[in-house]
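Please read the following paragraphs with the model open beside them, and follow each element as it comes up.

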Amino acid sequence: MNFRVVGCEGSRLEESRLVTMLLGHRVMLDAGSACSVPPRIQDGLEMVLLTHAHLDHLLELGFLLDNVIGFRKRPLTVMGSSACISIIREHYMNDRLWPDFSRITSGGVPVLEYREMPDLSWFELPGGIMAMSVPVNHPAGARGFIFRAGSSAMVYSGDTGPTEELWRRAREIPGLAMAWVECSFPDRLRDLAIASDHLCPSLARDQMTLLGRPEVPRYAFHLKKRLREETLSELGTDFLVPENGDSFLLGGP
Ligand SMILES: [Zn+2]
Ligand SMILES: [Zn+2]
């Protein structure tokens, strides 16, 4: 499975890109920068999997749906926690702020179908990727994920403050090849990180201690552009920091 970084940033400024990843060609993980992918990839998606319902993670979901109308034969599945789906239905795709695309049909099928995901059990995503959703410490129905492709796996925090269950679960996973942990603020703003349910480098290190798999490469993402240099210097060599456009092969092609 190719894990491709469309956008990995925690702020929107100038040419920065909000969080959006591709899991293979058929699943998009979060949709902050969904429209940065070419139209043929937008048309071929089967699912948008959401970590949570904060705007920076679903800003362009509405525009993605608008782009693919008339170019798809099946609904696009939007999957998230029950709370996440409720927030989108109530506050975003509500026929006021943006159309309710689950009600609008094109070619006889709805443009969008919602699916709530189970927590703490494995489910299969399009393309044969296995996923486990784990509640994390952040609002808007936030979940982290463990993904398995072939014999390899990765853990992905989504947005979170200090949390435990995700790392405890990931610690036991065979073939764990990457750990992705958010890092929104530098240590100077540690109080703000804690108050807003995010992490800073010292907190991210604590999280990796909980994971307890020192051989696994760690990637810090969701950095804010104006705080990037400061945050990078504190992350040092303990973490790799992805760039927009990077891709990672997990478990073979
Ligand atoms: Zn958030
Ligand atoms: Zn965020």
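The radius of gyration is taken here over C-alpha atoms, and the rule for a globule is 2.2 Å times the number of residues to the power 0.38. With 253 residues, a compact globule would have a radius of gyration near 18 Å, and the 17 Å of the protein agrees with that. The C-alpha trace spans about 50 × 40 × 30 Å along its principal axes. This is a predicted model, in which local features need pLDDT of at least 70 and side-chain atom pairs count only at pLDDT 80 or more, while totals for chains, interfaces and linings use all residues. Residues are numbered from 1 along each chain as its sequence is written, and chains are lettered from A and ligands numbered from 1 in the order in which they are written.

The secondary structure comes to eight helices and 15 strands, where helices (H or I, at least four residues) and strands (E, at least two) are DSSP runs numbered from the N terminus. Two residues are said to be in contact if their C-beta atoms, placed from the backbone, lie within 7 Å. Among contacts between residues at least 6 apart in sequence, 58% join residues at least 24 apart.

One open sheet has seven strands in the order β8-β5-β4-β3-β2-β1-β15, with mixed pairing; two strands count as paired if DSSP finds at least two bridges between them. At the edges stand β8 (112-116) and β15 (247-249), each with a single partner strand, so one side of each is left without a neighbour in the sheet. Neighbouring strands of this sheet are turned by 20° against each other on average, direction ignored; for such angles, axes are lines fitted to C-alpha atoms, for helices over the stretch in contact, and the angles run from 0 to 180 degrees between N-to-C directions.

Within this sheet, β1 and β2 run antiparallel and are joined by four bridges, with Gly 7 opposite Thr 20 in β2. β2 is in turn joined to β3 by three bridges, again in the antiparallel sense, and here Leu 22 stands opposite Met 28 in β3. The hairpin of β2 and β3 has three residues between the strands, and Gly 24 takes a positive phi near 65° in it. On its other pairing, β3 runs parallel to β4 (residues 47-49) over three bridges, and the bridge partner of Met 28 in β4 is Val 48.

Most residues other than glycine have a negative phi. Glu 14, which is not a glycine, has a positive phi of about 50°, and it lies in the loop between β1 (2-7) and β2 (20-23). Asp 30, in the loop between β3 (27-29) and α1 (39-44), also has a positive phi, near 65°. Are these two residues buried or exposed? A residue is buried if 20 or more other C-beta atoms lie within 10 Å of its own, exposed if 12 or fewer, and partly exposed in between, with C-beta atoms placed from the backbone. Glu 14 counts as exposed because it has 6 C-beta neighbours inside 10 Å, whereas Asp 30 counts as buried because it has 29.

A second open sheet has six strands in the order β9-β10-β11-β12-β13-β14, also with mixed pairing. Its edge strands are β9 (122-124) and β14 (218-221), each of which pairs on one side only, and the twist averages 20° from one strand to the next. Strand β12 (residues 152-156) runs parallel to strand β13 (residues 176-182) and is joined to it by four bridges, with Ala 153 opposite Leu 176 in β13. Helix α7 (residues 201-211) lies across β13 and β14, and runs at about 150° to β13.

Buried residues make up 45% of the 253 residues. In helix α4 (residues 82-91) the buried residues are Cys 84, Ile 87 and Ile 88. Seen down the axis of α4, they fall within an arc of 95° (that of the directions from the helix axis to the C-beta atoms), so they line one face of the helix. An α-helix has 3.6 residues a turn, so residues three or four places apart point the same way. Among the elements that cover the buried residues of α4 are α2 (55-58) and β5 (76-80).

A nonpolar core is a set of buried Ala, Val, Leu, Ile, Met, Phe, Trp, Tyr and Cys residues joined through C-beta atoms within 7 Å. The largest one has 72 residues, and those with the most contacts inside it are Leu 23, Val 48, Phe 147 and Val 155. Not counting residues up to four places away in sequence, Val 155 touches Ile 146, Leu 166, Ala 170, Leu 176, Ala 179 and Trp 180.
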